[in-house]
Amino acid sequence: MSEEHGARSAPGALDDLLVLLDLERVEQDIFRGVSRSALVPRVFGGQVAAQALVAAGRTVPDDRPAHSLHAYFLRPGDPGAPIVYTVDRIRDGRSFTTRRVVAVQHGQPIFHLSASFQAYEEGLEHQVGMPAAPDPESLPTAAEALPLHLPPDVARRLIEARAAVDLRYADLPPWGTVGRPREPRSQVWFRTNGKLDGEHAGSLLHLCLATYVSDMTLLDSVLLAHGRGGWAVGDVVGASLDHAMWFHRPFRADEWLLYDQESPSAGGGRGLGQGRIWTRDGQLAVTVIQEGVVRVPRS
């Protein structure tokens, strides 16, 4: 298994992702982004959420990192068309800054995000303990694991879609246990497939990269409870509905992060996922909650 950070596969994939997140400024508070191909014929939700956070963050001083975001996915995005992000400067306070971002395609809003930013200050401090998890280096890479459980073409496209990220499952993913319901909980380790030189922990880029990855696996735990393989095998259809994140402590997206995820509930054609992202040394960095459409296809 690959252990050298700089020697992992797809060396240009991270550069491509960084270009994707480097939005074009059209006017002072208007930005334009492009999309990349995904497994489904719509824009990947993590991409539009990360780009929207980039747009919001570029209107805020660097010494005020984001501490939370709340977003709704309104319409499927067209991967063949640019996305225009308009930032509304809701509030600039003494400690907190608030921004609202609307993403538009073909004259219609497809996504909106509210984000809050805060100047650093001292305060009360505590956190829950980090759950047990295997070492990431002991786990197979995506290139090693996915072909064991998916058709070759599907495995190849999924590996390509996630090539900028080294993402390793601590247990079998949903498509590895189809037909066998199990506890609605999953863990993955992830880091970018390459170093981010010169970027300090907690910078906007690291937060945006974690936002991008946070949408990749969070609803997996919903599928596990019902023995469904998910979008990769086509035994459910679904899409993200809303997404919320709280950034608690600085972290680096190019160092190993544990994403511990579970689903407390599903019903009404929707499933809820909640996750916590931990640094390798046990710091709780991010909390994530998402609800998505999860439907069984009609025969």
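Predicted model: local features only at pLDDT ≥ 70, side-chain atom pairs only at ≥ 80, totals over all residues.
Strand β4 and strand β5 (residues 96-105) run antiparallel and are joined by 8 bridges, where two strands are said to pair if DSSP finds at least two bridges between them. Residues are numbered from 1 along each chain as its sequence is written, and side-chain values use heavy atoms, with hydrogens and water left out.

On β4 (residues 83-92) there is also a pairing with strand β2 (residues 30-33), in the antiparallel sense and over 4 bridges, with I30 opposite T86 in β4. H106 is exposed, with a relative accessible area of 62%; here exposed means over 50% relative accessible area, buried under 20%, and partly exposed in between, with a 1.4 Å probe and protein chains only.

Strand β3 (residues 66-73) pairs with two strands described here. With β6 it runs antiparallel through 7 bridges, and A66 stands opposite F117 in β6. With strand β9 (residues 237-247), β3 again runs antiparallel, through 5 bridges, and H70 stands opposite A244 in β9.

These strands belong to a chain with 6 helices and 12 strands, where helices (H or I, at least four residues) and strands (E, at least two) are DSSP runs numbered from the N terminus. The radius of gyration of the chain is 18 Å, close to the 19 Å that the globule rule gives for 299 residues, so the chain is as compact as a globular protein of that length; the radius is taken over C-alpha atoms, and the rule is 2.2 Å times the number of residues to the power 0.38. Along its principal axes the C-alpha trace spans about 55 × 45 × 40 Å.

Buried residues make up 48% of the 299 residues. Among the contacts (heavy atoms within 4.5 Å) with a separation of 6 or more, 73% are accounted for by residues 24 or more positions apart. The chain exposes about 14100 Å², of which carbon and sulfur atoms supply 52%, as computed by the Shrake-Rupley method with a 1.4 Å probe.

Which of the residues in helix α5 are buried? Among them are L207, C208, Y212 and M216, and since 12 of the 14 residues of this helix (residues 204-217) are buried, it is largely enclosed by the rest of the structure. H206 has its place in helix α5 and is buried, with a relative accessible area of 0%. Leaving aside neighbours within four places in sequence, H206 is in contact with L196, E199, H200, A201, F251, R252, A253 and D254.

Helix α1 (residues 11-21) includes D16, which counts as exposed at 51% relative accessibility. The C-alpha atoms of D16 and T217, 201 residues apart along the chain, are separated by 21 Å, and T217 is one of the buried residues in α5.
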